[in-house]
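I opened the notebook to record what I looked up in this structure, entry by entry.

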Amino acid sequence: MTELIKTYNITKKFGDMAAVKNISLSVRKGEVLGFLGPNGAGKSTTMKIITGFIKPDYGSVDICGVCMADNPLIAKSKIGYLPEGAPAYCDMTPRTLLHFIAEIRGFYNHTRDKKVAQAAQKTGLYGVLDQNIDTLSKGYKRRVGLAHAILHDPDILILDEPTDGLDPNQKYQVRKLISEMAPHKAIIVSTHILEEVEAVCSRAIIIDKGQIVADGTAESLMGRMPYHKSVALSVAQEDADKIKVALYNLVGVIDVEEISRHNGRVRLRVFPKSQISIVDEIAELVRNQSIAVDELFVERGKLDDVFRQVTSSDFLTNSSS
Amino acid sequence: MRKIHIVFQREFNAYFDTAVAYVYVSIFVALTNTFAFYIGNFFVRGQADLKVFFQYHPWIYIILIPAIAMRLWAEERKSGTIELLMTLPITTSHAVIGKFLAAWAFVGVALIVTFPMWLTVNYLGIPDNGVIFVSYIGSFLMAGAFLAIGSFVSALTKNQMIAFIVASLICFILVMSSYPLVLGFFRNWAPDFVVSALEAVSFLTHFQQITQGLITLPTLFFYTSLIVFFLFANTLVIEHNKAV
């Protein structure tokens, strides 16, 4: 059983509005799946359905082969979940909260203390274990949430915006923690930060209006942008026409585009056939023709652009009408 | 059972983690005694019993029990901790029962702290301690029924203030339901069976029996079925609108 999370056509309506429509997905062991999407797209609702907090109107969820609807207690015991905003009982201390969670998950006495100590150590909570959660900073509160999610070393981790509101150091630590755990678990992470997808996720799904609109590795998503793997270079104006012709004649080049022209410099973008690498050929051409080049680099599709392309259709149609 | 116990433990300890417990118990004791001494004229009566002490419990509970019950679920829903709780491997009824029992036990603690009253009557005279014991049990049972109602109402809203007011109102109607004021109000428009049902569900009628030292089967059944019914309804409500 390598597919630890599987959802079959899950649909959830709130009133007339469908928050989640027909989402089917699966996450294998060792995979970190990134959930992307605008606010209100259905990311959190999908996570709440997978964790068994909400029952879907249609469809079903399998957790390690166990159906959530039929055996919720077994399924839930295999999941560690960090809800959005990392809610916690504010009057408790991280230690008493983690003790509570550990006991609910079936660890008592010595084992309980050991599990709590491990989770606290992994999330760097040691210094504040006996401080009221109320008095902790946002970063520490988030870590308390992470600690109770990983406490029982679950097969499945569902993290709803785990790095939201953290400073760059804390973000780095959380990502490191996720990457360390990744090989042994199936992990779903929702985020607004697209760089995070490249940093920790092996695959990403973009959800918009309750539906999956894109699914693939970060690389393949970026490949959706036409300029992905194109080569940009900047040359003197007098060399521009000469090099354009030469570039056109290169094998593997499909198009050359002039991006800008100012201060006597021309910027060109060269599009390869089917996103193969052409930077070597271009570099050689430039050298052979001894043309002075200011810059030469391979463009990468930006996830931001992919995100906008697949999710902003509504906005565009509204503004044009 | 173990999971109910763990939820119970957390909830029960939570009362004592903050000042809530101490403030509440103090007010509870102060109110019950004030009513007994000043309104019930405990000394003037010259009788060695706690009738005047227990007599005002239903009225005090109208305010004090919803004050405990209001936060049970409204707070969980408002702060989002319900998502934490209900994604743990426990069922909704584990959570509902555990939380309810913790609140009930807490009221029990407040009741126990009124024991100097019991000592006082024993010092002053020779009371029927059996009646007093039964009255304590009855008062505790009644508190449980109020709590179950309060817990149910608390599950309906995220707003603790609304939970408090609505629960108080329901408890008030149930206490008053044998009084002409309430009956008269319903008699004008409601069918007869509603009026006679109201008369039968009066907390006061049942409680007055208990304070005379009489716990009858119907009374026991009355309070326990109220508790069971409202906790069941509470579970359904949580299942239905925990995510809203």
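Entry one, a helix pair. The model is predicted, and I began with the handedness of one helix crossing in it: helix 12 of chain B and helix 13 of chain B cross in a right-handed sense. Looking up the geometry, I found that the axes of helix 12 (residues 180-187) and helix 13 (residues 192-200) of chain B come within 9 Å, with a crossing angle of roughly 160°. That angle makes helix 12 of chain B roughly antiparallel to helix 13 of chain B, because angles over 145 degrees count as such.

I then asked which residues meet in this contact of chain B. From helix 12 I noted B:Val182, B:Leu183, B:Phe186 and B:Arg187, and from helix 13 their counterparts B:Val194, B:Val195, B:Leu198 and B:Glu199.

Entry two, chain A as a whole. I counted twelve helices and 14 strands in chain A, whose C-alpha trace spans about 80 × 45 × 40 Å along its principal axes. Of the 321 residues in chain A, 41% are buried. Among contacts in chain A between residues at least 6 apart in sequence, I noted that 69% join residues at least 24 apart.

Four strands of chain A form an open sheet with antiparallel pairing, and I wrote down their order as 2-1-4-5. Strand 2 (17-28) and strand 5 (66-67) of chain A are at the edges with a single partner strand each, so one side of each has no neighbour in the sheet. Strand 1 (residues 3-14) of chain A runs antiparallel to strand 2 of chain A and is joined to it by eight bridges; I also noted that A:Ile5 stands opposite A:Val27 in strand 2 of chain A.

Notes. Residues numbered from 1 in each chain as written. Chains lettered and ligands numbered in written order. Predicted model: local features only at pLDDT ≥ 70, side-chain atom pairs only at ≥ 80, totals over all residues. Axes fitted to C-alpha atoms, helices over the stretch in contact; angles between N-to-C directions. Parallel < 35°, antiparallel > 145°, perpendicular 65-115°, else oblique. Left-handed = near helix turned anticlockwise from the far one by under 90°. Contact = placed C-beta atoms within 7 Å. Buried ≥ 20, exposed ≤ 12 C-beta atoms within 10 Å, placed from the backbone. Pairing = 2+ DSSP bridges.
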